[in-house]
Structure formats: structure tokens, C-alpha cells
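Colleague: I am new to this one and would like to learn how to read its features. Could you walk me through them?

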Amino acid sequence: MEHIFERLEHHHKSNLPFVVYRKPNKDRIKAILQRSDELHITKHFKESGFVFSPFDNSVDSILTPLSESEIITASEKDIDKNDQNSTLLSQTHSTHKDFHIALVEQGIRAIKNGKFQKVVLSRREICDFKKDSPLTIFKNLLASYQSAFVYCWFHPKVGLWLGATPETLLKIEGRNFSIMSLAGTQNYNGNLDVVWQEKELQEQQFVTDFILDNIQEDVNNIQVSSLETIKAGNLLHLRTLIKGVLSVTDINFKRLLYNLHPTPAVCGMPKALAKAFILEHEDYDREFYTGFLGELNLETEVKPRTGRRNIENRAYTVKRKSTQLYVNLRCMQIKDNKALVYVGGGITETSNPESEWEETVAKSKVVKKVL
């Protein structure tokens, strides 16, 4: 394991792009090390590599192409945990509580005036960061959030981001399609058997309905799971899983992707009106927060469901193109000796501004815990 981190440290000090990540509930860590500092952009999402996309779809998505990179993997079991208690965070700056509460109140008024049904409003905490290796934070994230997609992404022309997101945007394997509807938040107090308020149930239903409306053209045989409560760090969320089969093999993936992103879970509903409100009234640029990231068109081996055998009577696998994208939540950006921590929450007509503030505080603790 330490070999992979030594390579990553060298790559980072050489100012070369890389991404290292671990999928939810998996043991393998994968690193993609780009050989040059060229900035690659994907317009149609047809290439193979790792994609890092912003909240605003009108801004370029960045690709770490497999054809220009080296891939190395390792087992998380071999990780050296001796440095996981490093203290990297000192004083936390003002979190501008009054501004955020006023922003939420403005959003509620807009909903009551019929501008939209829901809007997701966010903020950014800026914390002092002692200059140290970001890979120490990545190790802390690995140890703390087994069920999340954990990553560290760097490009010298863009910046350095880390996170542990609980939310899958979509997964495509061959023609098999799946997506997650995730919304609603409350603190975890040792029990998954909790009562959800109407506000959270309505918020989650908005996301589910939006997804179903926007995949009808491209996905057949749609199956919707029952609503369940899941744990992510010290928080609980409501989740519905949606599966289906792509209608054709050569689907217009960019259209499907942009129909879904950003979902009501990170933007609002109707999407265009909520997004316009966010861009106008939030006092900062989200950049890659609430964007998406993950493997794009990677070739993977899949065992046939039928369990057929080849002529040597041995089990065999087939290769398929696989895309697994995650929503960039519970994340931070390291910039100029500062840790920029991004948090937000869904606002509906029944939202309470003070409670919405407290929800962002709880979410920020998920990220700051590893610092």
C-alpha cells in the first residue's frame, strides 16, 4: 500500500495530475496518474478515463484519460495507519450564519411565490490548513467512511479536491442502468429506525419523481425499490434505488447525463429555475461541489448471470464498458493553505431556516472530522 502513496506523493510534488479513489464498501484503491500536466476536456463523454465535472453543466468537464495515464491499484488492508491522527486544521473562520439564514428565508419566499417547488442552498466554510500532504486526509477518509466513494483529485491547472460522498449519480454496465434517489437528512444517534418528517419525505419524493420523469426516454424495464434509511458518516438519509435497461446500446449518454444532473437533491425543482436562483443568490462559486465524478467508459470484467462454462469447463467472464459516477458531496478543496468545506441542504415551503443552518453544521462535521 505504501508504494502507491509514495508514487502519489512523488506525482503531487512533481505537479502532475492524478486521482486516487475507493468505491463504496470495497477494499481496492485505484490511482490514475496522468503522465503530463495537459488539461484534457471532455465534451461528449465518449472517452475512457476519470471525469471531474462542475455543478454548472455550461462549464467544462475535466478528463483524466486512460490513454495518457498509468493505473496502479492496492488493497486498503495494507494501509499504514500510523499517521491518521495528524492535526491539520486550526482555527475555523466565521461561517456567516446570518447570511445563510437570510438566504434560506429568501428561498422559502420564492417557493411560496410560486417560482419553484424546491431549491438546494449551500455555503462554504473556510478553515486554516497546515501545509501537509493531502494524502493524509485521504487516508483518514478511507478509515472513516467505508460506505462512501472516497477520493483525492488533483490537477495543477485546476486545484486539489477530496471527499467522501454517499450518493451515486448513475451506474451503467453494458446496458444495465441504475441510479440513486437520495435526500433528507438527520443526525445518526445509534439507530436506523427513525421517524422522518413530511418535509424530508416530500424532498426525497421530488428527487425520485424527477429521475423517473427524465429516464423514460432512454431506460426500459424500470424497477423502483422501497424507501429506506441509510447511514453516511454521522448522518442518516432517505434513499430509493432505481434500476432498468438502456433502450439502445448507442444511447446519447450526454443527453441522459445532463437530463439528470444536477438533480433536485443538489439543485432544486424545476431545475432551470432553481439553478438560476442558486447562481444569482449564493455568495460564492460552487465549482465542483455538487458536480459529479467517477469512472467513464472503463472496460470491466463481468461474470455472465447464467453461469455458463467455456470449452475447458471453467468459469469465464465477459468484458463490458462501465460508467460509475458519483455526486460530489461531503467534499473539500485545499487552496492557499486553506481548507474550503462545502455543505448545503434542500429547501421546501415548510423549511425552518434555523434548522436548515443546523443541518449544514452537521454535514460540515462529517468532513471536518477527518481534519
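**Rings, strands and charges**

Modeller: Gladly! Let us begin with a cluster: ring pairs connect Tyr-21, Phe-50, Phe-52, Phe-149, Tyr-151, Trp-153, Trp-161, Tyr-284, Phe-288, Tyr-289, Tyr-326 and Tyr-342. Please keep in mind that this is a predicted model.

Colleague: How many aromatic pairs does the structure hold?

Modeller: There are 18 aromatic pairs. One of them joins Phe-5 and Phe-138, whose rings are tilted, with 6.2 Å centre to centre and 50° between the planes. Phe-5 belongs to helix H1 and Phe-138 to helix H3, so this pair ties together parts 133 residues apart in sequence.

Colleague: Are Phe-5 and Phe-138 buried or exposed?

Modeller: Both Phe-5 and Phe-138 are buried. Another pair to look up is Phe-45 with Tyr-258, which is edge-to-face: the centres are 5.7 Å apart and the planes make 75°. Phe-45 sits in the loop between strands S3 and S4, while Tyr-258 is in helix H5, 213 residues apart.

Colleague: Now for strands. Which residues of S9 point one way, and which the other?

Modeller: To read a strand, follow its side chains along each face. In S9, Phe-149, Tyr-151, Trp-153 and His-155 point one way, and Val-150, Cys-152 and Phe-154 point the other way. Strand S9 covers residues 149-155, and seven of its seven residues are buried.

Colleague: Which strands pair with S9?

Modeller: Strand S1, residues 18-22, runs antiparallel to S9 and is joined to it by five bridges. Within that pairing, Phe-18 has Phe-154 as its bridge partner. Strand S10, residues 159-165, is also antiparallel to S9, over seven bridges. There, Trp-161 of S10 stands opposite Trp-153. S9 and S10 make a hairpin, with three residues between them.

Colleague: What sits over the ring of Phe-5, and what lies over the face of Phe-55?

Modeller: For this feature, look for a charged side chain above a ring. The charged end of Lys-139 sits over the ring of Phe-5, 4.6 Å from its centre. Over the face of Phe-55 you will find Arg-286, at 4.4 Å from the ring centre.

Notes
Residues numbered from 1 in each chain as written. Predicted model: local features only at pLDDT ≥ 70, side-chain atom pairs only at ≥ 80, totals over all residues. Heavy atoms only, no water. Buried < 20%, exposed > 50% of the residue type's maximum accessible area, 1.4 Å probe, protein only. Helix = DSSP H or I, 4+ residues; strand = E, 2+ residues; numbered from the N terminus. Pairing = 2+ DSSP bridges. Phe/Tyr/Trp six-rings, centres within 6.5 Å; stacked < 30°, edge-to-face > 60°. Lys NZ or Arg CZ within 6 Å of the ring centre and 35° of its normal.
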